[in-house]
Amino acid sequence: MPIGSISLPDKFLYSARYRVREDDINFADHLAAVRVLPIAIQVHESWLETVGHDPETSQFGLIMASSTVDYLTEARLGDVLSVDIAVAFVCGKSFDFIFG
């Protein structure tokens with residue numbers, strides 16, 4: 001799969017900032033690949049709170065069936081990432097969250 005293969009939508013539903021912390025940094029002194037998905041999930045949970053979803057009382061849940069990450073550049077300690085969320089490909093009970 002070529003780099004940059006995820007198509008980003010024109011409009012995002014939510015945007016948050018994330019400052020890269022020391023525990024996000026790997027041995028090469030940049031954001032560890034294993035930290036990208038947890039950061040996306042953290043922002044995703046923040047968005048769900050803004051739309052009134054409470055995982056403790058909700059009668060529905062979200063299952064992540066798969067994930068794809070395009071690593072386009074490095075981030076370093078203290079960098080501020082802009083994490084944007086969109087919904088795409090809605091079909092029945094399935095849809096994609098796209099993070100930009």
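This is a predicted model: local features need pLDDT of at least 70, side-chain atom pairs count only at pLDDT 80 or more; totals for chains, interfaces and linings use all residues.
**Phe89**

Was Phe89 buried or exposed? I found Phe89 exposed, with a relative accessible area of 62%. That value counts as exposed because the cut-off is over 50%. I placed Phe89 in strand 2, which runs over residues 80-91. I then read the backbone there: phi of Phe89 is near 55°, a positive value in a residue other than glycine. I noted this because most residues other than glycine have a negative phi.

**Asp29**

I looked for another positive phi and noted Asp29, where the angle is near 70°. Asp29 is not a glycine either. Where does Asp29 lie? I traced Asp29 to the loop between strand 1 and helix 1.

**The chain as a whole**

I listed one helix and three strands in the protein chain. Read from the N terminus, their order is β-α-β-β. The chain has 100 residues, and I recorded 24% of them as buried. I took the extent of the C-alpha trace along its principal axes as about 40 × 35 × 25 Å. The exposed surface comes to about 7500 Å², with 55% of it supplied by carbon and sulfur atoms. I also checked the contacts with a separation of 6 or more, and residues 24 or more positions apart account for 67% of them.

**The nonpolar core**

Which residues have the most contacts inside the largest nonpolar core? I found Tyr14 and Val43, in a core of 13 residues. Strand 1 (14-19), helix 1 and strand 2 each supply at least two residues of this core. Helix 1 gives the most to this core, with four residues.

**The largest pocket**

I turned to the largest pocket, which holds about 1800 Å³ of space. I noted 48 residues in its lining. Leu37, Ala40, Thr68, Val69 and Phe99 lie nearest the centre of the pocket. Which element supplies the largest share of the lining? I found that helix 1 does, with 10 residues. Helix 1 (33-50), strand 2 (80-91) and strand 3 (94-99) each supply at least two lining residues. I sorted the lining by residue type and got 28 nonpolar, 14 polar and six charged.

How values were computed:
Residues are numbered from 1 along each chain as its sequence is written. Side-chain values use heavy atoms; hydrogens and water are left out. On a 1 Å grid over the protein atoms alone, a cavity is a set of points where a 1.4 Å probe fits but cannot get out, and a pocket is an open set with protein on both sides within 12 Å along at least five of seven lines; lining residues have an atom within 4 Å of a point. Grid points are joined across faces, edges and corners, and a volume is the space filled by probe spheres set on the points. Ala, Val, Leu, Ile, Met, Phe, Trp, Tyr, Cys and Pro count as nonpolar, Asp, Glu, Lys and Arg as charged, and the others, Gly among them, as polar. Buried means under 20% relative accessible area, exposed over 50%, partly exposed in between (1.4 Å probe, protein chains only). Contact means heavy atoms within 4.5 Å. Accessible areas come from the Shrake-Rupley method with a 1.4 Å probe; for residues, only the protein chains shown count as cover. A nonpolar core is a set of buried Ala, Val, Leu, Ile, Met, Phe, Trp, Tyr and Cys residues joined through side-chain atoms within 4.5 Å.
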